[in-house]
Every structure is written in C-alpha cells, then in structure tokens.
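Hi,

Here's the structure I said I'd pass on.

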Amino acid sequence: MSRPTKAIIDLQALRHNFELAQSLAPHSSTIPMVKANAYGHGAVEVARALAPIAPAFGVASIEEAIDLRDNGITQPILLLEGIFSSDEVSLAAQNNFWLMVENQPQVEAIINATLARKIKVWLGMDTGMHRLGFQPNEIQAAYDALSNSHNVSDDIVITSHFACADDLDSQATSEQITNFDLHLPKTKNTLSTSLANSAAILAWPQAHRDWQRPGFMLYGSSPFVQPQENADQLQAVMSFESAVISLRNISAGESVGYTANWTAQRDSTIATVTVGYGDGYPRSAPNGTPILINGVRCPLVGRVSMDMITVDVTDLPQVAIGDKTVLWGPELPVNEIASACGTIGYELLTRMPARVPRVYS
Ligand SMILES: *Cc1c(COP(=O)(O)O)cnc(C)c1O
C-alpha cells in the first residue's frame, strides 16, 4: 500500500493536444516544450511519448537536455535561453542541441568555439517583450556574424516570443508580428522563422511560421483569460488525485485547522484528504476552493497544511475513508484552482514536487 496522492498522466491526451497544435498550423513543425520537467508532467516520459511524432524538443538548460539524451531521446533539443557559459557550446554541438542566441556574448562564444560539427542556431529578436533577444536594428549584424562563422549551419532560424498572446483583445501581438517581419535580416540563404507559443498557435494564425513552440497547451489547459474555441478542444493531461483519510462531525461554531481560519456556521462533516502544499497544492487556496470528492464539488475549508487539507462534505450524501478526491484534472480545470489562488495553471503544474508520484496511463 502507499499514500494515495498521485498525478495520473494521460499520454493519449498529450498526443491529442500535440496533434491539435499540428493541425491548427499544418505548415509548421511543432516542437514540444518540455522544460521544467515538462511543466511538471515528467520530461522523459513526455518526450518518449511524443518522440515518434515530434521533430525536436525545447528545454531551458543544457542539464535538462542532457537528461533527455541520457534517457534515449535522439531528436535535436533546443536550449531556449541558449548557453550560460562558453564551455557549453562544444557540449551542445556534440549532442546536437540547438542554441537560441539572445545576446552578443553568446554570439562570440559560438564564433570562437572549436567545434567538431556545426551547430544550429535560433537567433532571438526582441520585438516588444523586452526580456531576451537582440533589438530589431541589431539583428542584421548578429545574423551576419553567425552566418559567416564556420561553426554555424546555414539554416539559422529567426525567432521571437510574445508578451500578450494570451489576451485576445491586446494589440501587442500584431505589433510584435509587424515588427518581426519588418526586421528580418536580408540574406541569400533561405530564412526560417518561429513565433508561436501555445496562445499564438490557438488564436493568432498570422504567427504560424516554419516552427512553432507549444508548451502549456500540450498539457491540456487553455492559456487564455477568455473562452476560445480551439482551446475548448484541449484535453487535460494531468489528474491530481488523493483520497479521504479521516472524517469527523463538528458543531456549529467550531473551527478547523491551523490558525482556525474557518468556523462552521452549521453542524458539519469534515473530510481530511492527504494532500497539501508539500505536494504542490497551493497554500494560498482560500476557503471555498472546489475539491472533487466522489466526483462532487465540495468546498475546501481551513488552511492547507503541508500534507493535508480539510473539506466540508456536509452536503455529500455518502462519504467514507478511502474515497477518491481530485484536486485538478479533466473535470476540475487547474486554471480554475489557479485563479482562486491568484496565479496561473502554468505555475501549479510546474511546481509539483518530486514527492508526488507520476503514474502514466
Ligand atoms: C516556454 C516557452 C514557450 C512555450 O510557451 P507556452 O505558453 O507554454 O506555450 C515557447 N517559446 C519559448 C521561447 C518559451 O520559453
């Protein structure tokens, strides 16, 4: 027997979401973003499940990329922030990792390296997010320096990232696209380009280019604030589950949990579930946050503890120790829990700790 707290990962739903991304932009190649342990879903297992259909993968660091290589992933792996020190260039070349290039020291490290084989480069343009990348008027010089280097293969990708693609009412995305197209470097080589994250794949067809980079949508949740019809077709990949481990009746006027921050207004039945902030369930979840017990929404009451939460099950007709509890999943969107806690689904998925076993189905 073991603690019933688990993240059940539906790899069929993952493949469905990948295929949705691909079908929305049939002329783009789709590179799954599996950084941060595949947004908490297990990078190796996610990459293995998508390996037969994905041309490459994206991660945030060379350590994440090496972990995939060590576990049998043979595709190219794009390092989304490029290198952090010049010694990473030859390691990247040896392993067929692709490098984002976002600043002049990265250009110089690549040009000055001694490499056994050429490296594929993605050159980042800052079209308005102002976090990474060259300014539009610096792109031509950076491109020329890289394309003249023996270390760099011809097929440089020009890329940028959106700040507001999740907001369907924002003008910023169209402005970034215009800025991007205006400043593409002039060359006799054929340029390929990449713009779209999940939100742009789903809702901004003008951003569909040679390569697209879905992350969050692969895991089955909408990146949008507003409803969006393509996002409605996504299937949640993770079901975060636990079980009731204790039940008690309390009288009106009695309180529950640390700091006694919830007091029963009526005689109540309280179920204790073995999941807490030590499992990635947010401590900021307020009283009333929905918890599914036996498929019925019940309100969280009292503070989230490290290993447990307490739930008001007074209105459940039947409840027993061992009953299945769902914290988020296909029937309870992680985005809904996140918004109750003042954050986004990305954060809740990504920070799920190693102590929660991932079970693949
Ligand atoms: C993480 C990341 C993505 C994926 O973004 P989602 O919103 O999760 O789809 C795409 N591009 C870059 C450069 C990223 O760092």
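Let's start with the ligand: around it sit Met33, Lys35, Tyr39, Leu80, His161, Asn197, Ser198, Arg213, Pro214, Gly215, Phe216 and Tyr346 (a residue counts if one of its heavy atoms lies within 4 Å of the molecule).

Bear in mind that this is a predicted model, where local features need pLDDT of at least 70, side-chain atom pairs need pLDDT 80 or more, and totals for chains, interfaces and linings use all residues. Numbering runs from 1 along each chain as its sequence is written, and side-chain values use heavy atoms, with hydrogens and water left out.

Some ligand distances: an oxygen atom of the ligand is 2.6 Å from an N or O atom in the side chain of tyrosine 346. For glycine 215, a polar backbone atom is 2.9 Å from a ligand oxygen atom. Histidine 161 has a polar side-chain atom 3.4 Å from a nitrogen atom of the ligand.

Now the helices. Helix 1 (residues 11–24) packs with helix 3 (residues 43–50) at an angle of about 60°, their axes 10 Å apart. Touching there (heavy atoms within 4.5 Å) are Leu11, Leu14, Arg15 and Phe18 of helix 1 and Glu45, Val46, Ala49 and Leu50 of helix 3. By class, that contact has 6 nonpolar, no polar and 2 charged residues.

Cheers

Note on methods. Axes are lines fitted to C-alpha atoms, for helices over the stretch in contact, and angles run from 0 to 180 degrees between N-to-C directions. Helices (H or I, at least four residues) and strands (E, at least two) are DSSP runs, numbered from the N terminus. Ala, Val, Leu, Ile, Met, Phe, Trp, Tyr, Cys and Pro count as nonpolar, Asp, Glu, Lys and Arg as charged, and the others, Gly among them, as polar. A polar contact is a pair of N or O atoms within 3.5 Å; within protein, one must be able to donate a hydrogen and the other to accept it, and residues adjacent in sequence count only if both atoms are side-chain atoms.
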